[in-house]
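Me: I have a model open here and would like to talk through its fold and its side-chain packing. Could you take it step by step with me?

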Amino acid sequence: MEDPDLVAGTVKWFDPVKGFGFIVATSGGPDILLHVNVLRNFGQSSIADGTAIDVRVQKTDRGVQAVEVVQIVPPHQEDGAPLSDIADLDMLEVSNAPLQPGRVKWFDKGKGFGFANVFGLTEDVFLHVEVLRRSGLSDLQPGEALAMRVIDGKRGRMAAEVLAWEAALIRDDE
């Protein structure tokens, strides 16, 4: 039996500063409000535009709102100028690298990069905004817990994949 409150869609836009954004349902209809608290309950504080998302919704007198995130699928990679540090990587090899627990040290979306620390290690890990987008994220907050697949890049340690901590736990359990 199909769940009438479960809706598949695509993130139209999301602004973590404003604390909300909208989803366009695959089946059509009005835009669906996505509040940052609903996203945080899934373990993320941001989400990239164009990301596929499955949500449970509730109809209110103010419109349709997401009340639970069920699944997030990062956007498909467009052909274009890839990030030079990861352009030549075997993505199967990256996906088989262990997920390492970390915490965001700082991230500046305007500059397009930031740094995180892997628990138990002193080295900083470089975070590039393009890697976030490929992972379905758009921004990170200082202190935010995450899981990373870390590689040796041309300029040092860098994240080749970034997952929200809760999403990494779910993936690891599968």
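Me: To begin, how many helices and strands does the protein chain have?

Reply: The secondary structure of the protein chain comes to four helices and ten strands, where helices (H or I, at least four residues) and strands (E, at least two) are DSSP runs numbered from the N terminus. This is a predicted model, in which local features need pLDDT of at least 70 and side-chain atom pairs count only at pLDDT 80 or more, while totals for chains, interfaces and linings use all residues. Residues are numbered from 1 along each chain as its sequence is written, and side-chain values use heavy atoms, with hydrogens and water left out.

Me: In what order do the elements run?

Reply: From the N terminus on, the order is β-β-β-α-β-β-α-β-β-β-α-β-β-α.

Me: Which strands make up the closed barrel?

Reply: The closed barrel has five strands, running E1-E2-E3-E5-E4 with mixed pairing, and two strands pair if DSSP finds at least two bridges between them. From one strand to the next the twist averages 50 degrees, with axes taken as lines fitted to C-alpha atoms (for helices over the stretch in contact) and angles running from 0 to 180 degrees between N-to-C directions.

Me: And how many bridges join E2 to E3?

Reply: Four bridges join strand E2 (residues 20–25) to strand E3 (residues 32–35), and the two run antiparallel. Ile23 stands opposite Ile32 in E3.

Me: Switching to packing, which residues have the most contacts inside the largest nonpolar core?

Reply: They are Phe107, Leu127, Leu140, Met148 and Val162, in a core of 21 residues. Such a core is a set of buried Ala, Val, Leu, Ile, Met, Phe, Trp, Tyr and Cys residues joined through side-chain atoms within 4.5 Å, and buried means under 20% relative accessible area, exposed over 50% and partly exposed in between (1.4 Å probe, protein chains only). The elements that give two or more residues to this core are strands E6 (100–108), E7 (113–118), E8 (124–128), E9 (145–153) and E10 (156–164), together with helix H3 (129–134). Apart from it lies another core of 19 residues, among them Val7, Val11, Ala66 and Val69.

Me: What does Phe107 touch?

Reply: Leaving aside neighbours within four places in sequence, Phe107 is in contact (heavy atoms within 4.5 Å) with Gly112, Phe113, Gly114, Leu127, Val129, Leu132, Asp139 and Leu140.

Me: How many aromatic pairs are there?

Reply: The structure holds eight, counting rings of Phe, Tyr and Trp (its six-membered ring) whose centres lie within 6.5 Å, with planes under 30 degrees apart called stacked, over 60 edge-to-face and the rest tilted. One of them joins Phe20 and Phe22, whose ring centres are 6.0 Å apart with planes at 85 degrees, so the pair is edge-to-face.

Me: Why does Phe20 count as partly exposed?

Reply: Phe20 counts as partly exposed because its relative accessibility is 27%, and Phe22 is also partly exposed, at 23%.

Me: What about Phe115 and Phe126?

Reply: Their ring centres are 5.7 Å apart and their planes at 70 degrees, so that pair is edge-to-face. Phe115 lies in strand E7 and Phe126 in strand E8, so the pair ties together parts that are eleven residues apart in sequence. Trp106, Phe113, Phe115 and Phe126 form one aromatic cluster.

Me: Which residues does Phe126 touch?

Reply: Not counting residues up to four places away in sequence, Phe126 touches Phe113, Gly114, Phe115, Arg157, Met158 and Ala159.
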